[in-house]
2 protein chains.
Amino acid sequence: MAQIALSRRLRRTPFSDGVEAAGVKGYTVYNRMLLPTVFESAEADYRHLKEHVQVWDVSCERQVELRGPDAARLMQMLTPRDLRGMLPGQCYYVPIVDETGGMLNDPVAVKLSEDRWWISIADSDLLLWVKGIANGYRLDVLVDEPDVSPLGVQGPKSDELMARVFGDRVRDIRFFKFDKFEFEGRELAIARSGYSKQGGFEIYVEGSDIGMPLWNALFAAGEDLQVRAGCPNLIERIEGGLLSYGNDMTDDNTPHECGLGKFCNTHTAIGCIGRDALLRVAKEGPVQQIRPILIDGDPVPPCDRPWPIVAGGKRVGQVTSTAWSPDFSTNVAIGMVKLSHWEPGTRVEVESPDGLRGATVRDKFWI
Amino acid sequence: MAQIALSRRLRRTPFSDGVEAAGVKGYTVYNRMLLPTVFESAEADYRHLKEHVQVWDVSCERQVELRGPDAARLMQMLTPRDLRGMLPGQCYYVPIVDETGGMLNDPVAVKLSEDRWWISIADSDLLLWVKGIANGYRLDVLVDEPDVSPLGVQGPKSDELMARVFGDRVRDIRFFKFDKFEFEGRELAIARSGYSKQGGFEIYVEGSDIGMPLWNALFAAGEDLQVRAGCPNLIERIEGGLLSYGNDMTDDNTPHECGLGKFCNTHTAIGCIGRDALLRVAKEGPVQQIRPILIDGDPVPPCDRPWPIVAGGKRVGQVTSTAWSPDFSTNVAIGMVKLSHWEPGTRVEVESPDGLRGATVRDKFWI
């Protein structure tokens with residue numbers, strides 16, 4: 001296993017001191033920023049996440065801020081999801097597409113007010129696309145990356161921990177809504193959201209200086225809840241079918257291929273740059289789509305490149321995320337499968353690094 | 001030290017199999033792709049680079065291809081360097097700036113023909129900015145990332161090794177020029193360029209399938225030259241004053257702050273998006289600028305975040321890259337220093353993680 005070579009270019013976060021003190025063992029790089037991947041072990045982190053509560057440094061979900069009279073217009077240009085009904089205080093999962101309908105990112109849009117939005121991005125410099133579009137169309141809008149770093153609080157005891165720090169009102173936040181809460185005299189947006197299926201919150205920490213004070217406050221308040229430092233967990237995210245941009249899909253894929261057609265209102269999303277390109281696929285459907293894949297046998301090795309899915313000697317797709325699930329005692333995986341083989345129950349084979357494995361295309365993810 | 005967690009999102013390259021077989025010990029992530037950082041040790045790799053020849057997997061220098069009738073116009077919109085005199089077969093180092101004059105990247109532009117260019121990028125998704133601009137200005141140009149992965153051949157024996165594989169004509173390539181050479185029936189652009197001061201070439205490997213065959217051909221031909229797998233070397237690049245985008249400068253900085261004013265022709269670069277914003281700084285000069293910094297004393301620890309430069313109790317700059325130089329028996333560093341303290345010979349102090357260190361602002365880099 002190779003070490004990661006640290007440098008300023010792989011940006012530290014307001015919480016890095018806490019992450020290091022908690023004994024982080026592995027990192028990935030996400031939006032040119034450090035993202036922890038493991039503390040104790042993937043399995044131990046997974047077990048703890050499902051039973052207790054974890055604090056996640058997800059600063060790498062950088063924000064692209066749109067501010068000004070054309071902010072809402074620009075936001076709609078970026079996505080085929082119809083945003084007309086979206087209210088301040090809401091979060092929307094929005095596929096972002098280019099002029100060919102290819103996915104550039106799959107962020108969460110946060111509507112702060114009619115003329116101020118945050119886009120909480122996955123792993124690509126969406127800032128550059130948005131700045132280019134704003135400049136080219138001469139829109140009246142400022143586009144930049146503010147000093148905002150999301151801190152995740154995930155797991156079944158999240159409500160209890162958050163209530164101890166921010167008061168019982170956090171319990172009233174509904175899924176994909178946010179409200180404002182005070183911490184050390186600062187107003188912070190807190191949403192009920194996060195990259196797990198165990199429930200929890202994302203705190204949009206505005207101002208790096210309060211990063212470690214907030215981190216420490218959460219750990220002090222949660223000692224008896226067994227709060228730990230955690231991070232997005234590969235096993236749990238595959239069980240839950242949470243896609244990872246760059247892993248499970250790229251700019252080669254349309255939202256429909258990613259199973260995100262339900263977040264597209266291609267006919268009414270007037271102004272969306274990729275609208276023309278998506279009209280046909282929206283009507284007729286894609287020829288390949290993301291599916292849960294169960295892989296037979298013993299635990300497979302980590303998936304660091306696409307593994308072909310084959311049937312009858314032909315390539316019919318690829319697997320891009322895999323893990324051994326302790327709870328389901330099987331290999332869980334996310335793959336992109338051609339229409340001819342995507343029906344639930346279809347038997348296929350996966351070319352894993354240690355040989356061909358039998359596999360089954362599933363209807364639903366595990367959790 | 002933390003491990004790097006591998007996944008498809010951190011893209012492998014056409015040469016990754018060779019890099020692994022050569023015993024890579026450390027990686028960084030650059031343009032969401034794996035970039036080796038150390039094989040034997042930073043010092044041993046450095047010594048070998050200065051004496052022999054190395055093959056570098058710099059696939060992470062992805063290409064942004066511009067193709068079509070508006071390609072040259074778009075290229076000029078991106079940079080304050082005047083491109084009117086540039087001929088096919090030339091490479092230009094070009095600062096890329098946004099509408100505020102902030103650096104978005106510092107790539108090498110490769111002019112293949114009047115209507116076809118490659119931009120060989122540093123670490124940011126420049127593709128997204130260029131696509132956004134092309135779309136917003138409705139230019140007649142295709143913008144995408146082709147299957148082109150640069151392979152570096154660096155070190156004093158580079159000419160000899162390359163001549164054995166591509167013929168003696170490679171010796172005639174002049175600095176920052178390229179020509180076409182055949183390998184296994186494929187025409188490849190080869191430039192005399194690279195991210196070291198030891199001389200060498202960059203082969204623009206078009207078609208991932210010939211990556212390992214070319215890698216193997218170079219190693220087979222260079223056995224008696226002691227050819228080894230290598231990578232950009234931190235020590236040598238600081239000695240040589242080769243900047244690293246994201247480390248030594250960011251989008252906060254103008255080209256003039258980075259000492260790249262000589263690559264800006266702000267008055268005549270008509271069409272450059274950042275031209276208006278840069279006119280004043282081009283005339284009056286910047287208030288801070290990149291400087292070589294010599295840090296006193298024993299080897300400093302690795303620099304993974306900016307270290308403040310102070311003088312008289314005030315912050316007058318920051319150091320962003322450091323290394324111990326075996327050849328110069330001192331700590332070499334790159335910093336950004338305010339006008340008040342940037343004169344050669346100025347004594348300052350650097351807040352390193354193990355305490356305040358005396359330091360001297362230098363006139364020139366070491367090599």
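Me: At what angle do helix α5 and helix α6 of chain A pack, and how far apart are their axes?

Reply: This is a predicted model. In it, α5(A), residues 158–166, and α6(A), residues 211–221, pack at an angle of about 120°. Their axes are 9 Å apart. The crossing is right-handed.

Me: What makes the contact between α5(A) and α6(A)?

Reply: From α5(A) come Leu161(A), Met162(A), Arg164(A), Val165(A) and Phe166(A). From α6(A) come Leu214(A), Ala217(A), Leu218(A) and Ala221(A). By class, that contact has eight nonpolar residues, no polar ones and one charged one.

Me: Why is Val170(B) called buried?

Reply: Buried means under 20% relative accessible area. Val170(B) has 0%, so Val170(B) counts as buried. Its place is in the loop between α5 (158–166) and β13 (178–183) of chain B.

Me: Which residues does Val170(B) touch?

Reply: Leaving out residues up to four places away in sequence, Val170(B) touches Asp159(B), Met162(B), Ala163(B), Phe181(B), Arg192(B) and Phe201(B). Ala134(B) is 36 residues from Val170(B) in sequence and 36 Å from it in space, C-alpha to C-alpha.

Me: Why is Glu223(A) called exposed?

Reply: Exposed means over 50% relative accessible area. Glu223(A) stands at 67%, so Glu223(A) counts as exposed. This residue is in the loop between α6 and β16 (228–230) of chain A. Between Glu223(A) and Arg11(A) there are 29 Å in space, C-alpha to C-alpha, and the two are 212 residues apart in sequence.

Me: Why is Arg32(B) called partly exposed?

Reply: Partly exposed is the range between buried, under 20%, and exposed, over 50%. Arg32(B) has a relative accessible area of 25%, so the label is partly exposed. Arg32(B) also has a positive phi, near 55°, and is not a glycine. Its place is in the loop between β2 (26–30) and β3 (33–38) of chain B.

Me: How do you know that helix α3 of chain A is largely enclosed by the rest of the structure?

Reply: Six of the eight residues of α3(A), residues 71–78, are buried, so this helix is largely enclosed. The buried ones are Ala71(A), Leu74(A), Met75(A), Gln76(A), Met77(A) and Leu78(A). Their cover includes β5 (63–67), β9 (108–113) and α4 (126–136) of chain A.

Me: Which residues have the most contacts inside the largest nonpolar core?

Reply: They are Ile203(A), Phe166(B), Ile203(B), Leu214(B) and Leu218(B), in a core of 75 residues. Among the residues that Ile203(A) touches are Met162(A), Phe166(A), Leu214(A) and Leu218(A). A second, separate core has 56 residues, including Leu104(A), Leu127(A), Met86(B) and Trp117(B).

Me: How do you know that the two copies are related as by a two-fold rotation axis?

Reply: A rotation of 180° superposes chain B on chain A, with 0.0 Å of shift along the axis and an RMSD of 0.0 Å. The copies are thus related as by a two-fold rotation axis.

Me: Why can we say that the copies meet through the same surface?

Reply: Of the interface residues of chain B, 100% are also interface residues in chain A, so the copies meet through the same surface.

Notes:
Residues are numbered from 1 along each chain as its sequence is written. Chains are lettered from A and ligands numbered from 1 in the order in which they are written. This is a predicted model: local features need pLDDT of at least 70, side-chain atom pairs count only at pLDDT 80 or more; totals for chains, interfaces and linings use all residues. Side-chain values use heavy atoms; hydrogens and water are left out. Copies are superposed by least squares on the C-alpha atoms of residues with pLDDT of at least 70 in both. Contact means heavy atoms within 4.5 Å. A nonpolar core is a set of buried Ala, Val, Leu, Ile, Met, Phe, Trp, Tyr and Cys residues joined through side-chain atoms within 4.5 Å. Buried means under 20% relative accessible area, exposed over 50%, partly exposed in between (1.4 Å probe, protein chains only). Helices (H or I, at least four residues) and strands (E, at least two) are DSSP runs, numbered from the N terminus. Axes are lines fitted to C-alpha atoms, for helices over the stretch in contact, and angles run from 0 to 180 degrees between N-to-C directions. A crossing is left-handed if the near helix is turned anticlockwise from the far one by less than a right angle, and right-handed if clockwise. Ala, Val, Leu, Ile, Met, Phe, Trp, Tyr, Cys and Pro count as nonpolar, Asp, Glu, Lys and Arg as charged, and the others, Gly among them, as polar.
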